[in-house]
Amino acid sequence: MTRIINTNTVTIKNIRLRAVRNLIFFLIPVLFSCNSRETGIHIIKDGQRAKAVSIPRNLAADIADDSIGTVVQVKLKSGHPSVAIFGKYIHNNDSIVFEPYIPFTPGLEYEVFVGNKQAGSFKIPAGNIADAPTVLAVYPSPDTLPENLLKVYIRFSQPMQEARSAQHIVLIKNNKDTLTNVFLDLQPELWNDTRTVLTVWLDPGRIKRDLQPNLRLGNPLQEKNKYTLLVTNGWKGANGISLQKDFTKQFVASKRDSLSPVPHNWDLEIPKTNTKDEFKIDLKEPLDHFLLEESLQVVTDKNIPVKGKWVIDKDDRHCAFIPTETWSAGNYILVIASRLEDLAGNNLNRPFDRDITKTKTPPVTATYRRNFVIGD
Amino acid sequence: MKKNLFFSAILLAALAMIAAKKPVTMSLPYGMAKGSPEIKSISALTFGKDGILFIGDSRGASVIAIDTKDVKKNDKATATDITGIDVKIATSLGTQKENITITDMAVNPLSKKVYIAVQGTDGTPVLLVVDNGNITNFPLKDVNYSSIALNDVYAEDAKDARGRPMRASTISDMGFYDGKVLVSGLSNKEFSSTLRSIPFPFGNVQDESSLEIYHASHGRYETTSPIRTFTTGKINGKDYLIASYTCTPLVLFPLDELKPGMHVKGRTVSEMGSGNTPIDMTTIQKNGETFLVMANTARAISEVNYKNIAAFEGTLTERVAGKAGTPYVELPYSNVSQMDKLDNTHLIMIQKQANGDVNLLTANDTNY
């Protein structure tokens, strides 16, 4: 009979269907060599992760099934000898599989103990540098950015380890001064759901006019100065392999942008009927790359969405809608979500900070609309 | 006859398998079911009543309530100090300290046990418990639980370029007040935050609110402001949400004015300096007085006397040199990454020492 034992609870549970599902990896394990060929210990992988280790049952032949979770222990070789790794034991007549609560770490060595006796050891191979993450892009893309730039996105080639941005993201002014207190040390960090895009905010307390940090230190960026954004090597990907090279992006700070984007000023290039021509927009200024992807929609005058895809130009100032079907003659509407922001956090409803002694409270609407006609 | 027995046995076996697969739902408190919740990340922890632990899962865009069954009341908390807790946790998880991140910490107000959320390099979340100096794993399988998905307020009218609904915000903090789970979320795109109020037990209909919260700096410039951390407290007999922003002002909102869909302006009572992000906030008693205590990324723990918050009746309307508004003092605890109250008079925190050690330590009013 197969049994499951949690090391922390040491309770034996009868096998259930869910456990059978969990055991599927028993049947199709990716077994590969470890340094214990003679003991028969094997590492079980799930993709790149060393998910579990299979220990021959005969290494603990004298141990009763009920005692496996307490007598058989897996320990980190470089760790404290009394500390067993938390995890789950699953066993049958032939093997004991130990699945730690987080995967084994590449490059580290582990020992299997039966009672006080070391029954074997295994090492997780270090990761392949070819699998190292890289920085694919930094947004905003332009090389001139307003001095009240609010946020920067960094896109990686694969999921990254969280909570490391403060050690690996640096801003250098005029090629000589490494700036401090520029980025917000935000925990938890703001990652997308696949942990491949990180959002980093420049300190909003320094950007918001009249707050103490702004009065004392000024904007994080100053107009006419040159900056280098540096993402340093050593930042680990989720696979445990580090970024191998530094990544740099250089830009110049331009004057403060305190105005909301105005969709009414955008230039629209209307496509022709019976073509799949792009519907192009000149936004007149770079806008937030990721919000642009989500904020624009083309609908018919009956409010039916037109199928197609948006393409954002590298300069984040131009974008185009490519329809799936050919355009029919008729009235269309470009619908723009009001939360679309420019590079300084000014959205369509309100600027980032508003002088309430000089301006009225702006209207709050969910969307803005531009009508256009595709003629025969 | 034998044939009938055979089919009966098959039927019984099938029923047994179905019973084994389905979670047991009868008579569990708070509408919970027994099973193994899918938890993709643990961004925030907070306790409700009766040992119910709420887990904020940013990646899964949900809040999960777990019945810890850790309900034995402990009237006298024991001070807990663990040197090198990061190393000890990492070793227990079979790795090294640089491969783990402690994502949150919460004390069970009944048992005074300390719950610590950790994630590995690949993002796998683990929940640990510190009790009398011992670290154990809290299994998140075969537990009594219920959960609620955090609907994205924009999902109905906005999809990304690939047609997927926008994801919910990153959960920045959670609290429990008057039978409701309060959840603050930061967007990874626009400069905004949500504050949801979710009744517990979780209902079929999600009664959540998304508040757009503003603050005015010195009465002149007004901005929307993402909340980083918050707590609830009583000031002049009235319950308030006490929130700290990513740009460090401390702002009060009367809880009875927070309604779904509202555009709420808070009363800024203090500005707590620059280059800093507030991390955790709680309320403790000291020498018979009540204090708001806030841990920060870039400076020592700040302590504000509630009496001074109550006395500061206005909002910051004039420029004040240096730190402005309600006065605060800094406690001798810097580089604190997690903090909660162990009991009414003790703080427990995870602090990085000058020598690089990361320790779990207990502080009380005799320490400062």
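Predicted model: local features only at pLDDT ≥ 70, side-chain atom pairs only at ≥ 80, totals over all residues.

Two strands count as paired if DSSP finds at least two bridges between them.

**Strand pairing in chain A**

S9(A) and S10(A) form a hairpin, with two residues between the strands. Gly115(A) lies in the turn and has a positive phi of about 65°.

Another part of chain A holds an open sheet of four strands, in the order S20-S21-S24-S23, with antiparallel pairing. Its edge strands are S20 (267-269) and S23 of chain A, each of which pairs on one side only. Direction ignored, neighbouring strands of this sheet are turned by 15° against each other on average. Within the sheet, S20(A) and S21(A) are paired over three bridges, and the bridge partner of Asp267(A) in S21(A) is Asp282(A).

| Strand pair | Bridges | Sense |
|---|---|---|
| S20(A) and S21(A), residues 279-282 | three | antiparallel |
| S26(A) and S14(B), residues 221-224 | two | antiparallel |

**Domains of chain A**

Chain A is divided into domain 1 (3-123), domain 2 (130-254) and domain 3 (263-374). The centres of domain 2 and domain 3 of chain A, taken over C-alpha atoms, are separated by 27 Å. Their contact takes 12 residues from domain 2 of chain A and 11 residues from domain 3 of chain A. On the side of domain 2 that touches domain 3, eight residues are nonpolar, two are polar and two are charged.

**A loop residue**

Where is Thr232(A) placed? Thr232(A) is in the loop between strand S18 (226-231) and strand S19 (247-254) of chain A. Because Thr232(A) has 14 C-beta neighbours inside 10 Å, Thr232(A) counts as partly exposed. Leaving aside neighbours within four places in sequence, Thr232(A) is in contact with His168(A), Val170(A) and Asp246(A). His168(A) is 64 residues away along the chain, yet its C-alpha atom is separated from that of Thr232(A) by 5.0 Å.

Chain B has three helices and 26 strands. Of its 368 residues, 50% count as buried. Among contacts in chain B between residues at least 6 apart in sequence, 51% join residues at least 24 apart.

Between the chains, 71 residues of chain A are in contact with 59 residues of chain B. Elements giving two or more residues to the chain A side include helix H5 (204-207), helix H6 (212-217) and strand S26 (354-355) of chain A. The element that gives the most to this side is H7(A), with five residues. By residue class, the side of chain A that touches chain B divides into 32 nonpolar, 18 polar and 21 charged. S26(A) is also joined to S14(B) by two bridges, and Asp355(A) has Tyr221(B) as its bridge partner in S14(B).

Key: Residues numbered from 1 in each chain as written. Chains lettered and ligands numbered in written order. Domains from an automatic or database assignment. Contact = placed C-beta atoms within 7 Å. Nonpolar A, V, L, I, M, F, W, Y, C, P; charged D, E, K, R; others polar. Buried ≥ 20, exposed ≤ 12 C-beta atoms within 10 Å, placed from the backbone. Axes fitted to C-alpha atoms, helices over the stretch in contact; angles between N-to-C directions.
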